[in-house]
Amino acid sequence: MAVRFESIPVLDVNINNIHHLWPSLMKAVESATFIAIDTELSGIGTRKTLMAKSVEDRYKGTAENAKSRSVVSLGLSCFQLTHVDTKSGKNTSDMSDDSSVDDGAESCRVWNFLVQTYNIMALCQEEYIVEPASLRFLVEHGFDFNKQYSCGVGYYRGNDKAESPSSNVSLRSLFTKLVRSSKPVVFHNALTDLVYLYQNFYANLPATMSSFISDLTEIFPSGVYDTKYITDYVHRMPASYLEYVFRKSQRDNLQRYETDKSSVTINILPYPPSDTVNQCRCGLPQKTLQDTDPDPDTFQAIKDHICQGFAGHGWCGNGNRCSKSHDIDMILDLDQLVQTKKSRKRKRRILNQQQENGDNSDEKTGLVGNQFTKDQLDQFIVSRHENREICKAGCHRAGFDSFMTGFSFAVYLSKYGNYNDSFCLDDCGMEAFKNNVYLSGKDMPLSIVKSAFSKNSKDHKEKIKRISENGDNS
Ligand SMILES: [Zn+2]
């Protein structure tokens, strides 16, 4: 494939095919440069818990929730860096061979990834709470609970129980495989996922946050990365929910490729069509509004068309019944138009100051884009309706979300990292992002670093010992 992709295959794993798919899943994990992970949950508890002022309270509340809620699906997207090309373009054409590159002479790289994405339907075998809000969210996104109950891969929570030999193929052994593989893991808003993964597929959660963090440093020794942290604290975008970050990364990446800046290409395996392979459509639209110059009425009409709640947070209480548009491309177009408007205003102000110095017509100074009227907007909106379902992945939501997370991270890697003839993430200049986890409403991230005073939990110590002793039996 290439820098542009129309759809992404997500492999649906359930009780009927997990044995068949297991070897390829293990290979994908083993060969990955990093693994992006996402979970769909039966509930996340109240906002009060998630936003508790004290981070310790936040951990304790989330841990309590993880003990009574369950994971309904688990998404894994394995990104393998296969080769990095140096693209010849105008940025590099006049460069010397001097390897001591500075900012201006940075070579333009194309980072090529082979991507394999799995969506595993999970079914907790113990009683668990399903929250109405989560239920509604999942149903509105096409989640099929009938399918989950009939085909979900069963699991139990907490500490290991005496296992039968057949349980080598299970969600718990998949998690064990992740631990053993020592791969860097990437999340979007990592904390909730990490707490739920620990309780549901690893062991009983420790009582304190400091033990939890100590344990994590041993469970994921190659580091935890959080694309929400990178977006909010470093990259800065008008919004930082996953769909927005992914789409913005996808657009930026294409633009970077076309203007000879470092970028990412995605390759996929040639899967034969089957019930297992779901093609999740996510191609960029042919037409956008971002280079147009709407008159004030049309600009307002674009604003009125879009649901502002969804645009800001990626979530709207009206769900599918909302009368306004949740179209992510129009939301990004609008943000771009606002940016352009601001910079045009700035340029005009400067020009006005220099007015007497001669020709300052907008045409010649590039201040005018393609004029855009309300009629054209109406036509545009009609043409967009068939695309409304883009990024809605139904039952494969966790799988597709993990892909979106991994792709956004790959684009950040091409932008902020650097290639030093190594395919190991630790050699790619991403240290500043490593082990910093997003905390909503806080100025600082949570650091996944073992402190001298914290102790690992007993359950973790026993489990990690078993994992290292048993060798690779998968
Ligand atoms: Zn809405």
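I take two strands as paired if DSSP finds at least two bridges between them, and helices (H or I, at least four residues) and strands (E, at least two) are DSSP runs, numbered from the N terminus. The model I am reading is predicted, with local features needing pLDDT of at least 70, side-chain atom pairs counting only at pLDDT 80 or more, and totals for chains, interfaces and linings using all residues. I number residues from 1 along each chain as its sequence is written.

**Entry 1: the chain as a whole**

I looked up the secondary structure of the protein chain, which comes to 17 helices and 13 strands. For burial I call a residue buried if 20 or more other C-beta atoms lie within 10 Å of its own, exposed if 12 or fewer, and partly exposed in between, with C-beta atoms placed from the backbone. Buried residues make up 38% of the 474 residues in the protein chain. I count two residues as in contact if their C-beta atoms, placed from the backbone, lie within 7 Å. Among contacts between residues at least 6 apart in sequence, 82% join residues at least 24 apart.

**Entry 2: strand E4 and its partners**

I began with strand E1 (residues 7-13), which runs parallel to strand E4 (residues 109-124) and is joined to it by four bridges; Asp12 stands opposite Asn119 in E4. I then followed E4 to strand E3 (residues 71-86), where the pairing is antiparallel and extends over 13 bridges, with Asp85 opposite Val110. Strand E8 (residues 263-267) runs parallel to E4 and is joined to it by five bridges, and there I found Thr265 as the bridge partner of Asn112. Strand E5 (residues 153-155) is also parallel to E4, with three bridges between them, and Tyr155 in E5 is the bridge partner of Cys124.

**Entry 3: Tyr118 in E4**

Is Tyr118 buried or exposed? Tyr118, which lies in strand E4, counts as buried because it has 25 C-beta neighbours inside 10 Å. Leaving out residues up to four places away in sequence, I find that Tyr118 touches Leu11, Val13, Leu25, Leu76 and Gly399. I also noted that the C-alpha atoms of Tyr118 and Gly75 are separated by 5.7 Å, although the two residues are 43 residues apart along the chain.

**Entry 4: strand E9**

E1 is also joined to strand E9 (residues 277-281), by five bridges and in the antiparallel sense, and Pro9 stands opposite Gln279 in E9.

The 20 residues of H16 should span 28 Å, and its end C-alpha atoms are 28 Å apart, which agrees. Because 18 of the 20 residues of H16 are buried, the helix is largely enclosed by the rest of the structure.

I next looked at helix H10 (242-258), whose axis comes within 9 Å of that of H16 and crosses it at roughly 45°; axes are lines fitted to C-alpha atoms, for helices over the stretch in contact, and angles run from 0 to 180 degrees between N-to-C directions. H10 and H16 are therefore oblique to each other, since angles under 35 degrees count as roughly parallel, over 145 as roughly antiparallel, 65 to 115 as roughly perpendicular and the rest as oblique. H10 passes H16 in a left-handed crossing, a crossing being left-handed if the near helix is turned anticlockwise from the far one by less than a right angle, and right-handed if clockwise. Where they meet, Leu242, Val245, Phe246, Ser249, Asp252 and Asn253 are on the H10 side, and Asp401, Met404, Thr405, Phe407, Ser408 and Val411 are on the H16 side.

**Entry 5: two loop residues with positive phi**

I looked up Asp260, in the loop between H10 and E8, and found a positive phi of about 60° although it is not a glycine; Asp260 is partly exposed, with 15 other C-beta atoms within 10 Å. Ser182, in the loop between helix H6 (171-181) and strand E6 (185-187), likewise has a positive phi, near 50°, and Ser182 is exposed, with 11 other C-beta atoms within 10 Å.

Technical notes. Expected span 1.5 Å × (residues − 1).
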